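Student: Could you please walk me through this structure? I have not seen it before.
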Amino acid sequence: MKKPRISYDAHSDVFSIVIKAGYEETHREVSPGVFVELDKNNQMIGIEILDASENIGKFFRDPAPSVSLSA
């Protein structure tokens with residue numbers, strides 16, 4: 001398997017991951033603003049995240065929650 005191609009378009013604020021070459025026949029929204037792109041065989045060929053600075057940027061801005069383990 002080839003490495004995925006990752007890109008970010010700052011003008012449209014879209015982050016995309018192309019998993020394999022192919023023509024997008026359809027797509028499915030799996031979460032608000034997150035789309036899985038499918039080919040004619042219903043195989044995933046890519047992922048597109050709209051409003052990326054908000055949808056994935058928050059994972060880099062917000063600190064990880066602290067976890068307390070007690071026995």
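Tutor: A term is needed at the outset: a salt bridge is a side-chain nitrogen of Lys or Arg within 4 Å of a carboxyl oxygen of Asp or Glu. This is a predicted model, in which local features need pLDDT of at least 70 and side-chain atom pairs count only at pLDDT 80 or more, while totals for chains, interfaces and linings use all residues. Residues are numbered from 1 along each chain as its sequence is written, and side-chain values use heavy atoms, with hydrogens and water left out.

Student: How many salt bridges does the structure hold?
Tutor: The structure holds one. The side chains of Asp39 and Lys20 meet in it, at 3.9 Å from N to O.

Student: Which parts does that pair tie together?
Tutor: Asp39 lies in the loop between strand 4 and strand 5, and Lys20 in the loop between strand 2 and strand 3, so the pair ties together parts that are 19 residues apart in sequence. Helices (H or I, at least four residues) and strands (E, at least two) are DSSP runs, numbered from the N terminus.

Student: Is Asp39 buried or exposed?
Tutor: Asp39 is buried, at 14% relative accessible area. Buried means under 20% relative accessible area, exposed over 50%, and partly exposed in between, with a 1.4 Å probe and protein chains only. Lys20, with 37%, is partly exposed.

Student: What is the overall pattern along the sequence?
Tutor: The protein has two helices and five strands, and along the sequence they follow the pattern β-β-β-β-β-α-α. Of the 71 residues in the protein, 21% are buried.

Student: What order do the strands take in the sheet?
Tutor: The five strands form an open sheet in the order 1-2-5-4-3, with antiparallel pairing. Strand 1 and strand 3 (26-31) stand at the edges with a single partner strand each, so one side of each has no neighbour in the sheet. Two strands are said to pair if DSSP finds at least two bridges between them.

Student: How many bridges join strand 3 to strand 4?
Tutor: Five bridges join strand 3 to strand 4, and the two run antiparallel. Within strand 4, Phe35 is the residue that stands opposite Glu29.

Student: And what about strand 5, how many bridges join strand 2 to it?
Tutor: Strand 2 is joined to strand 5 by four bridges, again in the antiparallel sense. Phe15 has Ile49 of strand 5 as its bridge partner. Strand 4 also pairs with strand 5, over five antiparallel bridges, and there Leu38 has Met44 of strand 5 as its bridge partner.

Student: Where is Asp13 found?
Tutor: Asp13 is in the loop between strand 1 (5-9) and strand 2 (14-18). Asp13 also has a positive phi, near 60°. At 14% relative accessibility, Asp13 counts as buried.

Student: Changing topic, which side chain does Ser16 make a polar contact with?
Tutor: The side chain of Ser16 makes a polar contact with that of Ser7, at 2.8 Å. A polar contact is a pair of N or O atoms within 3.5 Å; within protein, one must be able to donate a hydrogen and the other to accept it, and residues adjacent in sequence count only if both atoms are side-chain atoms. Ser16 is in strand 2 and is buried, with a relative accessible area of 16%.

Student: What else is Ser16 in contact with, leaving aside neighbours within four places in sequence?
Tutor: Besides Ser7, the list holds Arg5, Ile6, Ile47 and Glu48; contact means heavy atoms within 4.5 Å.

Student: How far apart in space are Ser16 and Val36?
Tutor: They are 9.9 Å apart, C-alpha to C-alpha, and 20 residues apart in sequence.
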